Amino acid sequence: MLQQYKNILVPIDGSFEAELAFKKAVEVAKRNNAAVHLLHVIDTRAFQNVSSFDSTMVEQITEKAKETVKSYVKTAKDAGLDEIDYSIEYGAPKAIIATDFPKKLGVDLIMIGATGLNAMERLLIGSVTEYVTRTAACDVLVVRTDLDNQAIKKPKK
């Protein structure tokens with residue numbers, strides 16, 4: 001019996017690795033006739049220590065996130081995927097990605113980029129990917145290769 005996935009969650013953070021996870025998720029969803037749920041989590045902890053915090057900062061970040069996920073939705077639909085949606089959430093990314101959203105949507109596969117953080121951020125706050133792989137109740141696929149299963153070559157900035 002072949003495993004068939006029906007609800008695939010793809011956390012999107014704007015990183016190159018998240019984009020690769022998205023591209024692979026679209027292909028997996030098309031083969032499995034599955035739905036893809038894009039999720040961008042705005043980490044509200046980042047605003048806790050900002051003394052001059054004002055709501056326009058959150059609004060700007062939210063607008064940028066909407067632009068990103070809407071372009072992903074368009075790309076997926078152009079590639080022939082009909083069942084795709086997105087959500088922008090606020091809070092701690094680890095718990096929302098690993099537990100809250102999979103439970104809420106009946107997710108059976110999380111496809112996540114290997115890492116969206118630099119080495120210092122991983123050291124200080126820990127890797128979301130590592131946390132998700134340890135705690136999620138569903139299958140987790142960590143994307144480390146491109147669509148041709150070749151090692152990831154990050155674009156030069």
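1. The largest nonpolar core has 26 residues. Those with the most contacts inside it are Ile8, Val10, Phe22, Val36, Leu38, Ile84 and Met111. Keep in mind that this is a predicted model.

2. Where does this core draw its residues from? Six elements each supply at least two: strand E1 (7–11), H1, strand E2 (35–43), H2, strand E3 (84–91) and strand E4 (109–113). H1 gives the most, with seven residues.

3. Another core lies apart from the largest one. This other core has 13 residues, among them Leu9, Val41, Ala98 and Ile110.

4. Now the overall layout. The protein has five helices and five strands. Along the sequence they follow the pattern β-α-β-α-β-α-β-α-α-β. Of the 157 residues, 40% are buried. Take the contacts between residues at least 6 apart in sequence: 76% of these join residues at least 24 apart.

5. Next, a helix pair. Two packed helices are described by the angle between their axes and the distance between the axes. Helix H1 spans residues 16–32, and helix H2 spans residues 55–78. They pack at an angle of about 30°, with axes 10 Å apart. Angles under 35 degrees count as roughly parallel, so H1 is roughly parallel to H2. The crossing of H1 and H2 is right-handed.

6. Which residues of H1 and H2 make the contact? H1 brings Glu19, Phe22 and Val26. H2 brings Tyr72, Thr75 and Ala76. By class, the contact of H1 with H2 has four nonpolar residues, one polar and one charged.

7. Last, Arg144. This residue lies in the segment after strand E5 (139–143). Is Arg144 buried or exposed? Its relative accessibility is 56%. The cut-off for exposed is over 50%, so Arg144 counts as exposed.

8. Arg144 also has partners from elsewhere in the chain. Arg144 and Gly113 are 31 residues apart in sequence. In space they are 6.9 Å apart, C-alpha to C-alpha. Not counting residues up to four places away in sequence, Arg144 touches Ala114 and Ile152.

Terms used. Residues numbered from 1 in each chain as written. Predicted model: local features only at pLDDT ≥ 70, side-chain atom pairs only at ≥ 80, totals over all residues. Heavy atoms only, no water. Axes fitted to C-alpha atoms, helices over the stretch in contact; angles between N-to-C directions. Helix = DSSP H or I, 4+ residues; strand = E, 2+ residues; numbered from the N terminus. Parallel < 35°, antiparallel > 145°, perpendicular 65-115°, else oblique. Left-handed = near helix turned anticlockwise from the far one by under 90°. Contact = heavy atoms within 4.5 Å. Nonpolar A, V, L, I, M, F, W, Y, C, P; charged D, E, K, R; others polar. Core = buried A, V, L, I, M, F, W, Y, C linked by side-chain atoms within 4.5 Å. Buried < 20%, exposed > 50% of the residue type's maximum accessible area, 1.4 Å probe, protein only.
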